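Have a look at the structure first, and then we can go through it piece by piece.

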Amino acid sequence: MVPFSVPVVSQMNGSAAGDAPSVFHSLPTAAMLRLTEHTQQAIRAVLAPGDAVIDATAGNGHDTVFLAQLVGETGRVFAFDVQEEAIARTASRLETATVRNVVLCQCSHADMKDIIPLEYHGRIGAVMFNLGYLPGGDKTRTTTSVGSLAGVRAAVALLRRGGIVTVLAYPGHPGGAEETAAVEAFLRQLNPLSYDVTIPSDPITTVPRLSLVVRKQ
Ligand SMILES: C[S@@+](CC[C@H](N)C(=O)[O-])C[C@H]1O[C@@H](n2cnc3c(N)ncnc32)[C@H](O)[C@@H]1O
């Protein structure tokens with residue numbers, strides 16, 4: 001099997017907040033935008049042109065394009081999604097943006113450690129998780145506790161020093177609260193000597209939540 005089947009090219013724009021899952025429309029758009037901006041700010045702070053990065057949940061491709069723009073033509077983006085529809089939408093968005101530094105994989109982020117070429121292990125500058133379902137797609141096909149936990153565990157292991165994992169979680173859909181709790185519990189037990197972990201301190205409700213992990217220098 002050739003896991004990365006759709007090499008594409010890049011320079012880009014876009015925000016995932018524009019088509020956030022409709023179940024979260026109870027969250028004011030401004031609050032959702034703040035989370036997206038906070039995520040992007042945290043990633044901008046650690047990335048440089050030429051970095052290798054991962055979009056763990058490609059969806060409609062907004063985050064993939066954002067990452068591709070940041071790392072530039074000398075960088076590399078690996079983007080995962082289990083749904084053919086998401087891969088097609090992302091490929092189309094990348095093509096429109098004439099982005100050429102992205103490889104797409106229709107496969108689970110749970111398997112990223114086996115799929116990312118060995119030469120990139122320990123060299124990944126950022127991994128973005130935007131959990132939940134594909135906006136405008138099948139709302140029953142969401143990320144899961146088991147898959148997200150495996151994905152986040154693998155992502156943390158792939159980071160270079162100073163690299164970041166961001167997890168934007170949506171506890172408001174069925175299974176979302178359990179998934180959020182499972183991921184946060186994993187992040188909480190990471191060794192503080194090796195990782196700076198930021199997790200929301202308030203209890204999990206239906207409100208989207210952003211967690212960050214930075215591998216220490
Ligand atoms: C909220 S959307 C992502 C939005 C996207 N980042 C964007 O910028 O448009 C969540 C995506 O995760 C995908 N997904 C679900 N389970 C997955 C898995 N195990 N591995 C990779 N992607 C998965 C869904 O198919 C969906 O497209």
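## The chain as a whole

Of the 217 residues in the chain, 45% are buried. Please keep in mind that this is a predicted model. Its secondary structure amounts to six helices and eight strands.

## Around the ligand

Which residues come nearest to the ligand? They are Thr57, Gly59, Asn60, His62 and Leu134, out of 23 residues around the ligand. Sorted by class, the shell holds twelve polar, eight nonpolar and three charged residues.

## Helix H3 and the residue after it

Helix H3 covers residues 84-96, which makes 13 residues. From its first C-alpha to its last, H3 reaches 18 Å, close to the 18 Å expected at 1.5 Å a residue. The buried residues in H3 are Ala86, Ile87, Arg89, Thr90, Ala91, Arg93 and Leu94. Two arginines, Arg89 and Arg93, are on that list. As a reminder, an α-helix has 3.6 residues a turn, so residues three or four places apart point the same way.

Just after H3 comes Thr98, with a positive phi of about 50°. Most residues other than glycine have a negative phi. Thr98 is a residue other than glycine, yet its phi is positive. Thr98 sits in the loop between H3 and strand E4 (102-105). Is Thr98 buried or exposed? Thr98 counts as exposed because 11 other C-beta atoms lie within 10 Å, and the limit for that class is 12 or fewer.

## How H5 and H6 pack

Helix H5 (residues 145-158) packs against H6 at an angle of about 25°, and their axes are 9 Å apart. Angles under 35 degrees count as roughly parallel, so H5 and H6 are roughly parallel to each other. The crossing in which H5 passes H6 is right-handed.

Where does Gly172 lie? Its place is in the loop between strand E6 (159-169) and helix H6 (176-188). Gly172 is partly exposed because 19 C-beta neighbours lie inside 10 Å, while a buried residue needs 20 or more.

Key:
Residues numbered from 1 in each chain as written. Predicted model: local features only at pLDDT ≥ 70, side-chain atom pairs only at ≥ 80, totals over all residues. Near = placed C-beta within 6 Å. Nonpolar A, V, L, I, M, F, W, Y, C, P; charged D, E, K, R; others polar. Helix = DSSP H or I, 4+ residues; strand = E, 2+ residues; numbered from the N terminus. Expected span 1.5 Å × (residues − 1). Axes fitted to C-alpha atoms, helices over the stretch in contact; angles between N-to-C directions. Parallel < 35°, antiparallel > 145°, perpendicular 65-115°, else oblique. Left-handed = near helix turned anticlockwise from the far one by under 90°.
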